[in-house]
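Have the viewer open as you read.

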Amino acid sequence: MNARIVVISASFGSGHDGVAAELTRRLTSHGRDVERHDFVDLVPGRLGRVLREGYHRQLTAAPRTWGWLLAAAGAGSGAAARLTALADQALLDAIGTGAEAVVSTYPLASQALGRLRAQGRLAAPVCTYLTDLSVHPLWVHRGVDVHIGLHDDAARQAKELGAADVRVTAPAVGPGFTPAPRPDGRPRALIVAGAWGVGQIERAAADIAATGAAVPVVVCGRNEQLRARVRRQGHAIALGWVDDMPALMRTCHVVVQNAGGLSSLEALTAGRPVLTYRCIPGHGRTNAEVLDRIGWVPWIRDRAGLAAGLRHALTDPPRFAPAPAQPEDVLLELTA
């Protein structure tokens, strides 16, 4: 029987699930049996769905409050511990017996798994894959055996928060994101805002169009209202959900993002320069700070610097140098 690895993600947007899917693909290619579970479904009743919808509404209607809530959550983990404890038994049932390792791509799942591991209720080693370059305290639990970070800066943050074993690897992005020559023609700026299409997307598109440096191409995800509004503006190409993002990126010259998540890393891996502009509060802002600090993604903080930022990205893009190690190597080591 092959070694069984359990991956716990969460359908809050698509970033956590995207990483989980890629880790599953890679581990399966190494002959491992992989089971994936959504933390939303493991919280009793409808509470998980209520939390997801509340998060969505918060980012859409009152994004500043998300920044405040995230900061408050970092000050103490009591509420997080009480919330995640509700999922303890469901997590244990989902993992079952005989699991060789458990991987989390979502911070609340990591809190629950770390606590179960520290209490001796979970025998399998636990690994947390840090999907963000900025490491919030909820990402780290002393009971987690290994944390995977995507840069030395993220590893430093995790260690300062108490993580004992932190490994630095390249990001887990799909095989389609490979470097390709830039297309001919007028530069196109691909604006990404996650599956939900949240943030100041219309304003970002209008600002980019006004510079004359690039034609905005907006990926609205599943937000059809946003797509309709961008279309009405008339100065950007508005797209809905995109199944083949690697192909779309190959048709564009620069990527503009607002959250610092998986799309940023996919674009960098595909050889496209990335800019942060009009980032969302909370993790969007903290990720922007780290990405700018490590030199991967410049943060354009205002309209005055946008034109110069776009032109600089198109002519002299920042150097993306991920670690040579791969995340699946760390996970395979845990199962050895």
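What follows covers a sheet, the helices lying across it, a helix pair and one glutamate.

First, some housekeeping: this is a predicted model, so local features need pLDDT of at least 70 and side-chain atom pairs count only at pLDDT 80 or more, while totals for chains, interfaces and linings use all residues. Residues are numbered from 1 along each chain as its sequence is written, and side-chain values use heavy atoms, with hydrogens and water left out.

Let's start with the sheet. Six strands form an open sheet in the order β2-β1-β3-β4-β5-β6, with parallel pairing. At the edges sit β2 (33–38) and β6 (166–168), each pairing on one side only. From one strand to the next, the twist averages 25°. Strands here are DSSP runs of E, at least two residues, and helices are runs of H or I, at least four, numbered from the N terminus. Two strands pair if DSSP finds at least two bridges between them; β4 (residues 126–129) and β5 (residues 146–149) have three, in the parallel sense. Thr 128 has His 147 in β5 as its bridge partner.

Contact means heavy atoms within 4.5 Å. Axes are lines fitted to C-alpha atoms, for helices over the stretch in contact, and angles run from 0 to 180 degrees between N-to-C directions.

| Helix | Strands it lies across | Angle |
|---|---|---|
| α6 (residues 88–95) | β1 (4–9), β2 and β3 (99–104) | about 145° to β1 |
| α7 | β1, β3 and β4 | about 140° to β3 |

After α7 comes Gly 120, with a positive phi near 80°.

Next, a helix pair: α9 (residues 201–211) packs against α14 (residues 306–315) at about 75°, with the axes 9 Å apart. That makes the two roughly perpendicular (65 to 115 degrees). Asp 207, Ile 208 and Thr 211 of α9 meet Leu 306, Ala 307, Leu 310 and Arg 311 of α14.

Finally, Glu 328 sits in α15 (residues 327–335). Is Glu 328 buried or exposed? Its relative accessibility is 9%, so Glu 328 counts as buried. Its side chain makes a polar contact (N or O atoms within 3.5 Å, one able to donate a hydrogen and the other to accept it; residues adjacent in sequence count only if both atoms are side-chain atoms) with the side chain of Arg 26, at 3.0 Å. Leaving out residues up to four places away in sequence, Glu 328 touches Arg 26, Leu 27 and His 30.

Note on methods:
Buried means under 20% relative accessible area, exposed over 50%, partly exposed in between (1.4 Å probe, protein chains only). Angles under 35 degrees count as roughly parallel, over 145 as roughly antiparallel, 65 to 115 as roughly perpendicular and the rest as oblique.
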